[in-house]
Amino acid sequence: MSNAAVGLPVGRGLSYLIVAGVAWGTAGAAGSLAYRASDIGPVALSFWRCAAGLVLLAAARLLRPRARAAVTQPLRRRALRAGATGVGLAVFQTAYFAAVAATGLAVATVVTLGAGPVLIALGARLTLGERLGRGGGLAVAGALAGLGVLTLGGGGATVRPWGVLLGLLSAAGCCVMTLLTRRWGRDGSVDAASTSVAAFTVTSLCLLPFALAEGLVPHTAEPGRLLWLVAYIAAVPTALAYALYFAAAAVVRPATVSVIMLLEPVSAAVLAVVLLGERLTASTLTGTVLLLASVAALAVAEARGGAADEEPVLV
C-alpha cells in the first residue's frame with residue numbers, strides 16, 4: 001500500500017520529524033531551568049509533561065474538524081494499540097531518566113539514542129521486511145559516530161552496567177513504539193491525533209504512581225516561572241513534537257525515523273552554546289556535522305524512495 005494511503009506524503013513526514021527532533025532538544029534546557037527553579041523530580045516532571053501534553057492534545061483534537069478515518073477499528077483493537085504505544089512511550093521516557101541517574105547524561109544518551117537506530121533497523125528488517133541498503137547503513141553508522149563524538153567527546157564519562165541496561169531498556173521501548181506505529185500505518189489505520197491522545201493517556205497513568213512516590217507537587221519560590229516552563233515543555237517538545245512524530249512514523253521507514261530523532265542532542269548542544277553560554281568545542285562541532293550529514297543523507301534517500309508511490313494528499 002502506498003504511503004499516501006494514510007494521508008501524509010513521505011516528504012511532509014520527513015519535515016514533521018525534523019521539527020519534532022529539534023523540539024525534543026529544547027526539553028532538556030527547559031527541564032534544567034525547572035530543576036533550578038524548584039525541587040521537582042525527573043519522574044514528576046515527566047508526569048506533568050505527559051499529563052499537560054495530553055490536555056493540549058485532547059483540546060486540539062476537539063477543536064479540529066473531524067476527518068473520516070481510513071479504517072474503522074474495533075474498540076478492543078484500538079485499546080490494545082493505545083496500551084502498547086503508551087507503555088512503550090512510558091518505558092522509553094522513564095528508563096532513560098533512570099539511566100541518566102545511574103550512569104550520567106552522556107553515557108545514558110549514547111546508549112539509548114545509539115542503540116535505538118540499531119534495534120529499530122533490525123526490528124524493521126525482521127518484522128516488516130524493510131531494508132536499509134548499503135547507503136542507509138552507512139548513514140546510520142555515521143549518525144552513531146556523530147552521536148558518540150558529540151556526547152562523549154569531552155571525556156570524563158563513567159560507565160555503570162546498571163545504567164547501560166536501563167539505557168537499552170529505554171531504546172527497546174522506543175523501538176516497540178516506532179515499529180508498531182509504522183506497522184499500523186501500512187494498512188491506513190493510524191490516526192495521528194487519536195494515537196497521540198491514547199498514548200499519552202496510558203503513559204500518564206503509568207507514570208502517576210511513581211510521580212506520587214517521588215513527590216507530585218514541587219516546592220518553589222518562583223511558581224510563575226516554573227508554571228511557564230512546564231507549560232512550554234508540555235506544549236512544544238511534547239504535544240506538538242509527539243503529534244508530528246506519530247503522524248510521520250506511520251509513513252517513514254523506522255530506521256530513518258530513529259536517525260532523524262538524533263537531531264534532539266544536536267538541538268540541545270546548539271542551545272547549550274547559544275543560550276547557556278557553554279563553550280563550542282571541536283567534539284561538539286564534529287559530532288554535529290556528522291549527525292546532520294547522516295540525517296540529510298537518509299532524508300534524501302527516503303524522499304526518493306517514496307516519490308514513486310507518493311501522491312499529494314491534504315491532511
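**View 1. Helix α1 passes helix α2 in a right-handed crossing.** Right-handed here means that the near helix is turned clockwise from the far one by less than a right angle. The contact (heavy atoms within 4.5 Å) brings in Trp24, Ala27, Gly31 and Tyr35 from α1, with Pro42, Leu45 and Arg49 from α2. Sort those residues by class and you get five nonpolar, one polar and one charged; Ala, Val, Leu, Ile, Met, Phe, Trp, Tyr, Cys and Pro count as nonpolar, Asp, Glu, Lys and Arg as charged, and the others, Gly among them, as polar. The axes of α1 (residues 10-37) and α2 (residues 42-63) come within 12 Å and cross at roughly 125°.

This is a predicted model, with local features needing pLDDT of at least 70 and side-chain atom pairs counting only at pLDDT 80 or more, while totals for chains, interfaces and linings use all residues. Residues are numbered from 1 along each chain as its sequence is written, and side-chain values use heavy atoms, leaving out hydrogens and water.

**View 2. α2 meets helix α8 (residues 223-249) at about 65°.** Their axes sit 8 Å apart, and this crossing is right-handed. The tally is 13 nonpolar, two polar and one charged.

**View 3. Threonine 85 sits in helix α3 (residues 75-103).** Threonine 85 is buried, at 1% relative accessible area (buried means under 20%, with a 1.4 Å probe and protein chains only). A polar atom of its side chain lies 2.9 Å from the backbone oxygen of arginine 81. Setting aside neighbours within four places in sequence, threonine 85 touches Met177, Trp184, Thr195, Ala199 and Phe246.

Terms used
Axes are lines fitted to C-alpha atoms, for helices over the stretch in contact, and angles run from 0 to 180 degrees between N-to-C directions. Helices (H or I, at least four residues) and strands (E, at least two) are DSSP runs, numbered from the N terminus. Buried means under 20% relative accessible area, exposed over 50%, partly exposed in between (1.4 Å probe, protein chains only). A polar contact is a pair of N or O atoms within 3.5 Å; within protein, one must be able to donate a hydrogen and the other to accept it, and residues adjacent in sequence count only if both atoms are side-chain atoms.
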